[in-house]
Amino acid sequence: MSFTVKVKEELLGLDIKSKNELAAIMKMSGNLGISAQGLTLSITTENAKIARHIYELLLTFYEVKSDIRHHQKTNLRKNRVYTVF
C-alpha cells in the first residue's frame, strides 16, 4: 500500500466533513464542462472510497445528487477510474 493510499484511508477514517476539504479536492482533480444541461462539474479519482466521500460531501453541503461512473484505464494496469459528475 502506497503512502498516499494510507493518508487517504486515515483521512476518511476521521468523521470531520468540511467545505474546505471539498474545495481542495475540486481544485486538484475537478473539471468544469459545458453540456446541454448547462455547466457540469466532474471530479476524477482512482479510489472508490474517495469517490463515495466526494458524493457524500456534495450531498451534505449542497444537496446535489451526483452520479458516480467508472471505467478501466486503457493501459495495461488494471486500475479503475471513478468520476463523480
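The model you have open is predicted. Thr4 counts as partly exposed, at 47% relative accessibility. Now show the side chain of Ser2 as well. The two side chains, Thr4 and Ser2, are joined by a polar contact of 3.3 Å.

**Zoom out: the whole chain**

Color by secondary structure. The protein chain contains 3 helices and 4 strands. Read from the N terminus, the order of elements is α-α-β-β-α-β-β. Orient the view along the principal axes. The C-alpha atoms fill a box of roughly 40 × 35 × 20 Å.

Next, color by accessibility. Of the 85 residues in the protein chain, 20% are buried. Residues 24 or more positions apart account for 49% of them.

**Select the largest pocket**

How many residues line the largest pocket? The lining has 14 residues.

Now trace the lining back to the secondary structure. Four elements supply at least two residues each: helix H1 (3-13), helix H2 (19-29), strand S2 (38-45) and helix H3 (48-62). Which element gives the largest share of the lining? That is H2, with 4 residues.

**Select Thr45**

Move to strand S2, where Thr45 is placed. Is Thr45 buried or exposed? Its relative accessible area is 10%, under the 20% cut-off, so Thr45 counts as buried.

Show everything in contact with Thr45, leaving out residues up to four places away in sequence. What does Thr45 touch? The partners are Ile50, Ala51, Arg80, Val81 and Tyr82.

A polar atom of the Thr45 side chain lies 3.3 Å from the backbone nitrogen of Asn47.

**Select the salt bridges**

Side chains of opposite charge can pair when their charged atoms come close. How many salt bridges does the model hold? The count comes to 3. Visit them in turn.

*Lys49 and Glu9.* Select both side chains. Their closest N and O atoms are 3.2 Å apart in this salt bridge. The pair links distant parts of the chain, with Lys49 in helix H3 and Glu9 in helix H1, 40 residues apart. Check the accessibility coloring here. Lys49 is partly exposed at 41%, and Glu9 is partly exposed at 29%.

*Lys17 and Glu56.* Move to the next pair. These side chains form a salt bridge with an N to O distance of 3.8 Å. This pair, too, connects distant parts of the chain: Lys17 is in the loop between H1 and H2, Glu56 is in helix H3, and 39 residues separate them. Lys17 has a relative accessibility of 40%, which makes this residue partly exposed. Glu56, at 38%, is also partly exposed.

*Asp67 and Arg69.* Select the remaining pair. The side chains of Asp67 and Arg69 meet in a salt bridge at 2.8 Å, N to O. Asp67 counts as partly exposed at 34% relative accessibility. Arg69 is partly exposed as well, with a relative accessible area of 45%.

**Last stop: Glu63**

Go to the loop between H3 and strand S3 (68-72), and select Glu63 there. Look at the backbone. What is the phi of Glu63? The angle is positive, about 50°, although Glu63 is not a glycine.

Finish with accessibility. Is Glu63 buried or exposed? Its relative accessible area is 71%, over the 50% cut-off, so Glu63 counts as exposed.

Conventions
Residues numbered from 1 in each chain as written. Predicted model: local features only at pLDDT ≥ 70, side-chain atom pairs only at ≥ 80, totals over all residues. Heavy atoms only, no water. 1 Å grid on protein atoms, 1.4 Å probe; cavity = no way out; pocket = protein on both sides within 12 Å on 5 of 7 lines; lining within 4 Å. Buried < 20%, exposed > 50% of the residue type's maximum accessible area, 1.4 Å probe, protein only. Polar contact = N/O pair within 3.5 Å; in protein donor to acceptor, adjacent residues only side chain to side chain. Contact = heavy atoms within 4.5 Å. Salt bridge = Lys/Arg side-chain N within 4 Å of Asp/Glu carboxyl O.
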